Amino acid sequence: MLPDPATLHPSLVVAASPALDDTAAKPLEDGMALSVSGGGYRAMLFHLGSMWRLNEIGYLRQLKRISSVSGGSITAGALALAWNRLQFDATGAATNFGDVVRTIRKVGSTTIDVTSVLKGIFLPGSISDQVIARLDELVCHGATLQDLPDHPRFVFNATNVQSGALWRFSRPYMRDWRVGEVRAPKVKLAIAVTASAAFPPVLSPLRMTLDPSTFTPGSGKDLQRPPFTTEVFLTDGGVYDNLGLETVWKRYQTVLVSDAGGLMAPLDKPASDWGRHSKRVLDLLDHQVRNLRKRQIVGSLKAKVRSGAYWGIRTNIADYQLPDPLPCPYDKTIKLAEVATRLKGLDDEVQERLINWGYAVCDAAIRRHVAPNVPAPKFPYSRGV
């Protein structure tokens with residue numbers, strides 16, 4: 001039985017769904033994995049800061065798997081493509097991690113969503129085609145899933161609208177447990193990242209045409225047949241798993257979770273028209289699922305069933321009770337959680353504050369719960385949060 005979330009340390013108040021409860025039936029592997037959430041450019045930059053700190057302490061190189069959804073998949077895609085070029089020193093830190101930083105900063109200065117919507121409406125092709133083209137230009141440079149490293153394994157998660165299941169993109173395979181598995185897919189990395197970040201309704205769905213003969217025979221539970229194997233409709237991975245957690249939670253003993261989910265504000269007078277009311281109800285559902293996932297992670301960490309750490313963009317860094325955390329006033333960091341979930345260019349100040357905040361809260365979580373002897377760092381950017 002998991003402990004009552006009300007009794008847990010507030011620095012851990014954190015991820016789960018009932019689908020994650022079957023891990024007890026399988027032995028967990030030793031090793032460390034990272035999951036990164038969605039949240040548009042807000043998440044992309046926040047997770048960049050977290051990965052920056054993990055790299056400095058030598059943990060990035062130790063990761064066996066990096067699982068991502070939505071905006072987090074953009075950062076994971078840039079890291080995945082750069083991985084084989086990273087130069088690790090004796091401490092395990094990549095000395096040229098700045099290459100990843102520059103790629104993501106360039107993306108963070110570029111508006112993709114509005115321009116893609118307009119081009120998708122008025123020019124040939126779909127909205128998702130436009131997003132694929134921009135992410136390929138800015139991040140992926142024509143690479144396919146076969147250009148990714150063998151280790152660590154990068155998993156880009158999307159949601160299959162037809163089956164209601166998670167669709168995973170990785171180098172060894174892409175699969176939906178109901179539809180089946182395609183081994184060694186030659187799908188473009190930009191397609192995987194775009195599918196993972198296809199925010200509904202405007203950037204979703206991404207339509208992918210497949211050859212049913214490429215599926216491993218008998219690999220699907222009950223839907224390995226046309227049209228499920230010929231035409232796949234994918235939406236944001238966060239629709240199914242808003243923390244990108246499932247593919248690491250079911251496998252590894254040590255799990256790190258970086259959560260850049262936005263702030264859901266209370267409404268004193270909610271709209272009653274069907275459009276805005278429906279959106280509010282969907283937001284409530286997402287908020288509840290996210291909180292359920294957080295509670296499961298918290299319970300498992302607190303009960304020492306698992307090891308690892310959680311940190312979130314809405315966390316109060318004071319809750320970690322460190323003697324020397326980086327200065328991150330809660331009134332400032334909670335404002336960063338309110339940055340819109342968009343693929344809209346942000347100015348340098350906001351970008352650097354988001355990166356600094358992801359860096360600082362990751363550092364606090366790691367030093368509080370995983371590696372207490374790691375020395376306190378300085379912000380990557382002097383402006384703080």
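**Exercise 1. The nonpolar core**

Determine how many residues the largest nonpolar core of this predicted model has, and which residues have the most contacts inside it.

Solution. Step 1: The largest nonpolar core has 102 residues. Step 2: Phe169 and Trp311 are the residues with the most contacts inside this core. Step 3: Helix 10 (residues 348–369) supplies the largest share of the core, 11 residues. Step 4: When residues up to four places away in sequence are not counted, the residues that Phe169 touches include Leu145, Phe154, Met174 and Leu234.

**Exercise 2. The setting of Asn96**

Decide whether Asn96 is buried or exposed, and identify the backbone nitrogen that its side chain reaches.

Solution. Step 1: Asn96 lies in the loop between helix 2 (71–82) and helix 3 (98–108). Step 2: Its relative accessible area is 14%. Step 3: A residue counts as buried under 20%, so Asn96 is buried. Step 4: The side chain of Asn96 reaches the backbone nitrogen of Gln87 at 2.8 Å. Step 5: Leaving aside residues up to four places away in sequence, Asn96 touches Arg85, Leu86 and Gln87.

**Exercise 3. Strand 3 and its partners**

Explain why strand 3 (residues 153–160) is largely enclosed by the rest of the structure, and state in which sense strand 3 pairs with strand 2, strand 4 and strand 8.

Solution. Step 1: Strand 3 is largely enclosed because 7 of its 8 residues are buried. Step 2: With strand 2 (residues 63–69), strand 3 pairs in the parallel sense over 5 bridges. Step 3: Strand 4 (residues 166–169) runs antiparallel to strand 3, joined by 4 bridges. Step 4: Strand 8 (residues 231–236) pairs with strand 3 in the antiparallel sense over 3 bridges.

Definitions and conventions
Residues numbered from 1 in each chain as written. Predicted model: local features only at pLDDT ≥ 70, side-chain atom pairs only at ≥ 80, totals over all residues. Heavy atoms only, no water. Core = buried A, V, L, I, M, F, W, Y, C linked by side-chain atoms within 4.5 Å. Buried < 20%, exposed > 50% of the residue type's maximum accessible area, 1.4 Å probe, protein only. Helix = DSSP H or I, 4+ residues; strand = E, 2+ residues; numbered from the N terminus. Contact = heavy atoms within 4.5 Å. Polar contact = N/O pair within 3.5 Å; in protein donor to acceptor, adjacent residues only side chain to side chain. Pairing = 2+ DSSP bridges.
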